[in-house]
Amino acid sequence: MSKLVLGIDPGIGRVGYAVLERVDAVNQKLITFGCLTTPTKTPVSDRLFVLQKKLEEVISKYKPSLMVIEKLF
């Protein structure tokens, strides 16, 4: 059974994402990817709100069953 996985590369100015279809234990298929950006001179709270809304759009469109987030260093 295949499932969609949403991968997130977090940030405030830019958030990278990719949606993959997990076909089986070793095979994946790239569905889409992108970079969400926010204006640099905007307050952090507003930037986080924009990112939330953009990520909600991606989640609503693809309906992933799993999400993974890269750990910040």
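This passage describes the fold, surface and packing of a predicted protein model.

The model is predicted; local features were taken at pLDDT of at least 70 and side-chain atom pairs at pLDDT 80 or more, while totals for chains, interfaces and linings use all residues. Residues are numbered from 1 along each chain as its sequence is written, and side-chain values use heavy atoms, with hydrogens and water left out.

The protein contains one helix and four strands, arranged from the N terminus as β-β-β-α-β. Helices (H or I, at least four residues) and strands (E, at least two) are DSSP runs, numbered from the N terminus. The C-alpha trace spans about 45 × 30 × 15 Å along its principal axes. Among contacts (heavy atoms within 4.5 Å) with a separation of 6 or more, 38% join residues 24 or more positions apart.

Of the 73 residues, 16% count as buried, where buried is under 20% relative accessible area, exposed is over 50% and partly exposed lies in between (1.4 Å probe, protein chains only). The accessible surface, computed by the Shrake-Rupley method with a 1.4 Å probe, amounts to about 5,400 Å², and carbon and sulfur atoms contribute 61% of this area. The protein carries 11 positive and 7 negative charges, whose mean positions are 2 Å apart. In this count Lys and Arg are positive and Asp and Glu negative, with His and the chain ends not counted; each charge is placed at NZ of Lys, CZ of Arg, CG of Asp or CD of Glu.

Helix α1 comprises 19 residues, 44-62, and extends 27 Å from its first C-alpha to its last, close to the expected 27 Å at 1.5 Å a residue. The expected span is 1.5 Å times one less than the number of residues. Arg47, Leu51 and Val58 of α1 are buried. Viewed down the axis of α1, the buried residues fall within an arc of 30° and therefore line one face of the helix; the arc is that of the directions from the helix axis to the C-beta atoms. These buried residues pack against β1 (3-9), β2 (14-22) and β3. Ser45 and Glu57, on the other side of α1, are exposed.

Within strand β3 (residues 28-37) lies Thr32. Thr32 counts as buried because its relative accessibility is 17%. Beyond its neighbours within four places in sequence, Thr32 is in contact with Tyr17, Ala18, Val19 and Tyr62.
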